[in-house]
Amino acid sequence: MAERLLTVRELNVCYGKVEALYGASLTVDRGTIVSVIGPNGAGKSTLLNALMGVLPSRGSVEFCGNDMGNVSIESRVAQGLCLVPETRELFSQMSVEDNLELGAFTRYRRGDKGIRKSLDTVFTLFPRLEQRRSQFAGSLSGGERQMLALGRALMSQPTLLMLDEPSLGLAPLIVKEILHTISDLRSTGVSILLIEQNARAALQISDYGYVLENGEIALEGPSSELADNPRVIESYLGIGGGEEKG
Amino acid sequence: MDFQTILILAQDAITNSAIYALLALALILVFGVTRVIFVAQGEFVSYGALTLASLQTGVMPGTVWLLLILAFIAACMETARLLVSGARHKLPGALATILAPPLAIAALVKICTPLHLHLGWQLILTMLIVIPLGPLIYRVAFRPLADATVLVLLIAAVAVHFVLVGLGLLFFGAEGVRTPPFSDAQFTFANLNVSGQSLCVYATTIVFVAIMAWFFNKTLYGKALRAVAFNRNGARLVGITPHLAGTFSFALASAIGCLSGLLIGPITTLYYDSGFLIGLKGFVGAIVGGMASYPIAAAGALMVGFSESFSSFWLSGYKDVVVFTMIIPVLLWRSLTTAHYEEEE
Amino acid sequence: MIRRAGLISFVMLLLAVPLFPSFYLTMGSYIGLYSIVAIGLVLLTGVTGLTSFGQAAFMGLGAYTSAVLTTQFSWSPWLTLLIALALTIIIAFILGAITLRMGGHYLPLATIAWGISLYFLFGTIPILGGSNGIVDINALQLFGIELRDEHIYYYLIWGVCLVALWISNNLLDSREGRAVRALKGGVSMVEAFGASGLRLKNIIFIYSAVLACLAGWLYAHMQRFVNPSPFGLNQGIEFLFMITIGGAFSLWGAITGAAVITLLKTVLQGILPKLISQSGNFEIIVFGIMIVVVLQWMRGGIWAFVEKLLPSKPDRPIGNSPELAMRIQPERGSKLLRVDDVTKAYGGLMAVKNMSFEVSTGEIVGLIGPNGAGKSTMFNLISGELPRTQGNIHFGAHAISGLHPSHIARLGLSRTFQHVRLIPGMTTLENVMIGAYLRTHDGIFSACLRLNRGSDERVRAEAAKQLRRVGLEESMFVPAGTLSLGKQRVVEIARALCADPLLLLLDEPAAGLRYLEKKELAALLSDLRSEGLSVLIVEHDMEFLMNLVDRFVVMEFGEKLAEGMPHEIRSNPAVLEAYLGGI
């Protein structure tokens, strides 16, 4: 059995103006892609932000065997947890290359010498970023920005990469490209927790899936099973109506 | 007004502008990184010059006591913080990093003060005393307010200004000082006398700006600081600690302030409260740059320097009025060129 | 009861001060003067979220204007008061007009500069007497009696101060005042209900400057001489310290702070120089440290503590006032909103491309599509928050594209926000009352003098009615910030209804709601439709809308993907593809 990387138990977020989360529990094994799908406002982003420490939460989060209770965002990054938020949060007035280098900031502080090499790896992964290496991040197109956000995250050599809607607002062809890249990342040893509205695509590239509805985990299972589960499609589109749901 | 006068006024203007530009630089950086409008920045200018003057007369400067007190308060705050968050094991290390350097500096000053060292050594000693004040003030006054609004931080900055001015009077008295110049040399170019000190000001400014440009554009730590200023959330997500960035920006602010004080100390008489006005003139420059652009702020500093210098010739009594009233048309210009309303959430 | 007793003992204390030695009387007069300035600063800083370091300068303006004109030209102090006030209003208006369009920190910076300039001017202009100032200023005369006596002057100052307190309190509890209090939550919310944020901010800045000027005028005729030093930047900063220590969020905090700082300053000025055996104003060290401590540990100041000890104000019951006039809804089925070939481009990126659709009176239209499809952009184009690049939007007979959101609100369009914008510290009822901003027309003056009582009661009754309508009657008097996100979204709808709209625009109202809450919301919207209201809902959640809306408009990649009845949309393969996606 694969090694447990992330264990979340009974995570609750009730904080003013964010979509709430009620007792969410989930696990991610090393070397797998886990997707969390669900409609807008179900609390998907809240889940990732709470895991990253951006939002305060109750419940237990265990990462690589360490309790994350009182750990700051920066320490989580240093321990190998990395979030690409829905808003991307790039440094838009800095060059593509600077953005990528800053992604490796915690490694630089540790004295890691392999940063140049990682930069080349990212450029091989996204050749378009290399062409634009000296452009400001703010001048990039939507798809390129998403690539940069992914590249910046990879520069930190994360153990667990959390992606919040990587396909958001992108044209179909680019969505395809990005999702293929994410799927390929698995082979490099990165584990991924993926949040997507594009449910079908997310289930196609992931190993295991959770369906989040109204702040609660409504369904879970191996992705292939979820994809065929008529209830997922129904509840997702709302065609089935709510009455018969438990 | 003859050509000779214009040259003399211009020389004056450029010397002052250089100082204002340095101060504006620090103000913009501190604001970008911490959102603190650090009006107390000018106090480091006074502290620099007055600390050096004390050392010159062989008296232990009061700023050393301030250094020790701040370090003690910071140590107490850090202890409380670590105990509350249950990280007791980190305590010895944290206390050592906070307390050891100030204690070492205080001991060094205690030993060196009666020795009447060469000016160069005294300058270094002054900087050793004044520069750590910046990060310590950040730790004690501003870091606990990290989540506050710009407005609250501004009020805190004004409070810090009050404390520092009051302490300045307490430590150094109401007497003004002039510190010895770095160089006594006088040069004559085309009938214009240029003092060695003025050249020192120019040279130091150029070197300092060059170092800063290198630091911010070429080193990862420099880029990290800029990243915090541009996008705080993004910076946290790549693992840059805002507190560390804040500490560093305040260190830079105190360093620039202290250096400015040492540079102009020989040119103008500085009192315990002179720094504030000098700092505010740097502010006018920073506002011209919209609290964001370094080159425009430098141009603004030149504008301040020139209008100050020339108005002191034509309207001597109104020199400060002119400089500070100038901010109104500047703001009008900014207001008209700012396309969208900047909403604060 | 305790509140009333506190107020009575406060007034008794004020009346009793003159019985004590004259030192206390002088202290009392100064506290009164500073309180007047501090009350204005509370409105500006604590309530509006702006600040000024130039209040001492405005005080100086009042004092010097009167001093010069009465001594040099022997004008009556009552005339010079008017001139001083006029000058103050002009200067405050200019400073405000220049800085308030930009970020909030430009006003304090501009007032620092203006304060310093004016201080130096006082000290340099010959007619103002330089640093010696102006002496032998006349005493005030009222009905032929000279107000030379310290006791009488003390009562005059406190009379003015209490009137200022009363007026400010009235102002805060009025239509304009509620909009001002809402400014801290962002300008776009108050503008969506028809108020102008810029105008309100400028009015409050002018108001606070006027109070400072008035205090300065009183000061000049009390002291009977003026010099520059009490009007410098340090004094301006001390006013800010007063409200920080006293409590910037309450008018009583202003008086508390003025008393604490004034008394403490006197005590410290006596003790500290002896302690240090050196003369100088060392009290500023203590003040500075106090402020930092207060900001770190008790940001609400002293008054926040007092407030906690006091019993909460009893909830005033809703009166039986006549209802506010309502708009006449257009005939059911007539065209209400027409979006015509509208495009919004950000640089090269087309967020919305050639969108066209209509909403008729009495129907609910759902604008749906996957995340990032451009729904919210379309929404903001209709509400006027964003300027469109091309195309036209008509609301009834009016072309609204290019109009300011507050104008569009005036025509009868009312909205909610995707990210809830309620003022957490105000009660739910007060939040909803903001919605009725355009339904009454009392100005600042009638508000100050409490002439708005009748219409304000009607607004209150209307807000209560809307809260009852959405089923939140029991939460009427609790702070809106204590409600759950779901309930807050419903409060937003009540606030929008309070504007008596023709068309209700809802931005993702179901996001974050639980299943039952969604059902209740759908029932509410269905009721509204039967009352003749038209609704446009931007939503992602199809389930919520399926049995509710009359028509769907589906967007993807900024364009219209489909339009039709719910059952048509449900079986439209392109829509299913857009929603479920795929590689």
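Modeller: One term before we start. Two residues are in contact if their C-beta atoms, placed from the backbone, lie within 7 Å. Also, this is a predicted model.

Colleague: Fine. Let's take chain C. Which domains does the assignment give there?
Modeller: The assignment gives domain 1 (16–232) and domain 2 (335–580) of chain C.

Colleague: How many residues of domain 1 of chain C are in contact with domain 2 of chain C?
Modeller: Domain 1 of chain C brings 23 residues. They are in contact with 27 residues of domain 2 of chain C.

Colleague: Which helices each supply at least two residues on the domain 1 side?
Modeller: In chain C, those are helix H6 (150–172), helix H7 (175–182) and helix H8 (187–192).

Colleague: And which one gives the most to that side?
Modeller: H7(C) gives the most, with 7 residues.

Colleague: How do the residues on that side divide by class?
Modeller: On the side of domain 1 of chain C that touches domain 2 of chain C, 10 are nonpolar, 8 polar and 5 charged.

Colleague: How far apart are the C-alpha centres of those two domains?
Modeller: The centres of domain 1 and domain 2 of chain C lie 42 Å apart.

Colleague: New topic, chains B and C. How many residues of each are in contact?
Modeller: Chain B has 41 residues in contact with 38 residues of chain C.

Colleague: Which helices of chain B supply at least two residues each?
Modeller: On the side of chain B that touches chain C, they are helix H7 (150–172), helix H12 (274–288), helix H14 (319–325) and helix H15 (327–337). H7(B) gives the most to that side, with 16 residues.

Colleague: What about classes there?
Modeller: The chain B side that touches chain C has 30 nonpolar, 5 polar and 6 charged residues.

Colleague: Now chain A. How is it divided?
Modeller: Chain A has domain 1 (1–80 + 160–246) and domain 2 (95–157). Taken over C-alpha atoms, 24 Å separate the centres of these chain A domains.

Notes
Residues are numbered from 1 along each chain as its sequence is written. Chains are lettered from A and ligands numbered from 1 in the order in which they are written. This is a predicted model: local features need pLDDT of at least 70, side-chain atom pairs count only at pLDDT 80 or more; totals for chains, interfaces and linings use all residues. Domain bounds come from an automatic or database domain assignment. Helices (H or I, at least four residues) and strands (E, at least two) are DSSP runs, numbered from the N terminus. Ala, Val, Leu, Ile, Met, Phe, Trp, Tyr, Cys and Pro count as nonpolar, Asp, Glu, Lys and Arg as charged, and the others, Gly among them, as polar.
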